[in-house]
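I opened this one to go through the side-chain pairs and then the ligand site. My notes follow in the order I looked things up.

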Amino acid sequence: MKVIVTNSYDESCAVVAGMIRDLVNAKPNAKLGLATGGTPVPIYQKLAQMNQAGEVDFSQVHTVNLDEYCGLPGTHEQSYRYFMNTHLFHKININHANTYVPNGTEPDAEKACQAYNELLHKIGPADIQILGLGHDGHIGFNEPSDHFENETDCVDLTETTIQANKRFFDSEKDVPKQAYTMGIGTIMRCRKILVVVSGKDKAEILKQVIQGPVTPEVPGSILQFHPDCMIIADEAALSEMAV
Ligand code: GLP
């Protein structure tokens, strides 16, 4: 695990956007693993600007997203499909058919997970996977648990996650209670992982992820075992530890 300390959240996002641009320029048909949540928004803004300025071409890129809320169609403003369309896909020259997000409207969890797994097997490991970090240490929507899930799973969101994500919804009761998420095993098989963490409110959990024991109770701690994982964090997020 390599830790990159930046002066600001914006600098963290610029570092990650630059790494993605360089990957796609070197490998035009790169596979990108993408994340949602508030953290990656400026990364997507920067990629859209780079694309519009002719600095990077996404026409042959494939993307796979980490997760989706159960029950939300892609037209719902809080679905992760809608998020990706508005923040990135509609702003770059990607082929929409090459962008994948789990199907939140499939009520049969087994079917939904199996379909996403088949797709992930077909596409193969992402060249770069972007991750944010939940306040309870979740990556994707892999919540604290007694085991690490290998492949796509239907998870019950924790109270901490529901509280953290209610800011995007009209009220707490509108936050879905379950989500489909890429498994920890799939995430760990990605070639390179970039984790962006910002702000003092993530400092305690980030310390556990980087320096604590590897345990499914802190899902992000498994990243200590990844051969090419970078944490890109501002000083506030690293304020609980000496780096
Ligand atoms: C969300 C997403 C995660 C994200 C995390 C942190 O619920 N499922 O992929 O990394 O929680 O979100 P934020 O960046 O808004 O703090």
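**Partly exposed partners**

I started with E172: its relative accessibility is 34%, so E172 counts as partly exposed. Keep in mind that I'm working on a predicted model. I then looked for a charged partner and found K166, whose side chain meets that of E172 in a salt bridge at 3.9 Å, N to O. The cut-off here is 4 Å, so a distance of 3.9 Å still gets E172 and K166 onto the list. K166 has a relative accessible area of 32%, so I put K166 down as partly exposed too.

**Other salt bridges**

How many salt bridges are there by this rule? The count comes to 8.

Next I checked D228 and K192, whose side chains meet in a salt bridge at 3.2 Å, N to O. This pair links distant parts of the chain: D228 sits in the loop between helix 7 (203–211) and strand 10 (229–234), K192 sits in strand 9, and 36 residues separate them. D228 is partly exposed, with a relative accessible area of 28%. K192 comes out at 18%, and buried means under 20%, so K192 counts as buried.

I also noted a network: salt bridges that share partners join K27, D127 and R191.

**D127**

Where is D127 placed? I found D127 in the loop between helix 4 (109–123) and strand 6. Its relative accessible area is 8%, so D127 is buried.

I went through the partners of D127 one by one. The side chain of K27 makes a polar contact with the side chain of D127 at 2.7 Å. R191 also has a side-chain polar contact with D127, at 3.1 Å. D127 and R191 form a salt bridge as well, with the closest N and O atoms 3.1 Å apart. That pair links distant parts of the chain, since R191 lies in the loop between helix 6 (184–188) and strand 9 (192–197), 64 residues from D127. I checked cover on the R191 side: at 46% relative accessibility, R191 counts as partly exposed.

I then listed contacts of D127, leaving aside neighbours within four places in sequence: L23, K27, A30, K31, R191 and K192.

**Aromatic pairs**

Y69 and F141 have ring centres 5.5 Å apart and planes at 50 degrees, so I logged the pair as tilted. Why does this pair tie together parts that are 72 residues apart in sequence? Because Y69 lies in strand 4 (residues 67–69), while F141 lies in the loop between strand 6 (128–131) and strand 7 (153–156). Both Y69 and F141 are buried.

F141 turns up again with Y80: these two form a stacked pair, 5.9 Å centre to centre with 15 degrees between the planes. Y80 lies in helix 3 (residues 80–87), so its pairing with F141 ties together parts that are 61 residues apart in sequence.

F141 has 2% relative accessibility, so F141 counts as buried. Y80 is buried with a relative accessible area of 9%. Putting the ring pairs together, I get a cluster that links Y69, Y80, F83, F141 and F169.

**Ligand site**

I finished at the ligand. How many residues surround the ligand, and which are the closest? I count 14, and the closest are G38, T39, N165, R167 and K202.

The side chain of T39 has an N or O atom 2.4 Å from an oxygen atom of the ligand. For G38 the backbone is involved: one of its N or O atoms lies 2.7 Å from a ligand oxygen. On D67, a side-chain N or O atom is 2.9 Å from a nitrogen atom of the ligand. Last entry: the ligand taken alone exposes 400 Å², and the protein buries 95% of that.

Key. Residues numbered from 1 in each chain as written. Predicted model: local features only at pLDDT ≥ 70, side-chain atom pairs only at ≥ 80, totals over all residues. Heavy atoms only, no water. Phe/Tyr/Trp six-rings, centres within 6.5 Å; stacked < 30°, edge-to-face > 60°. Helix = DSSP H or I, 4+ residues; strand = E, 2+ residues; numbered from the N terminus. Buried < 20%, exposed > 50% of the residue type's maximum accessible area, 1.4 Å probe, protein only. Polar contact = N/O pair within 3.5 Å; in protein donor to acceptor, adjacent residues only side chain to side chain. Contact = heavy atoms within 4.5 Å. Near = heavy atom within 4 Å. Areas by Shrake-Rupley, 256 points an atom, 1.4 Å probe, with all protein chains shown as cover.
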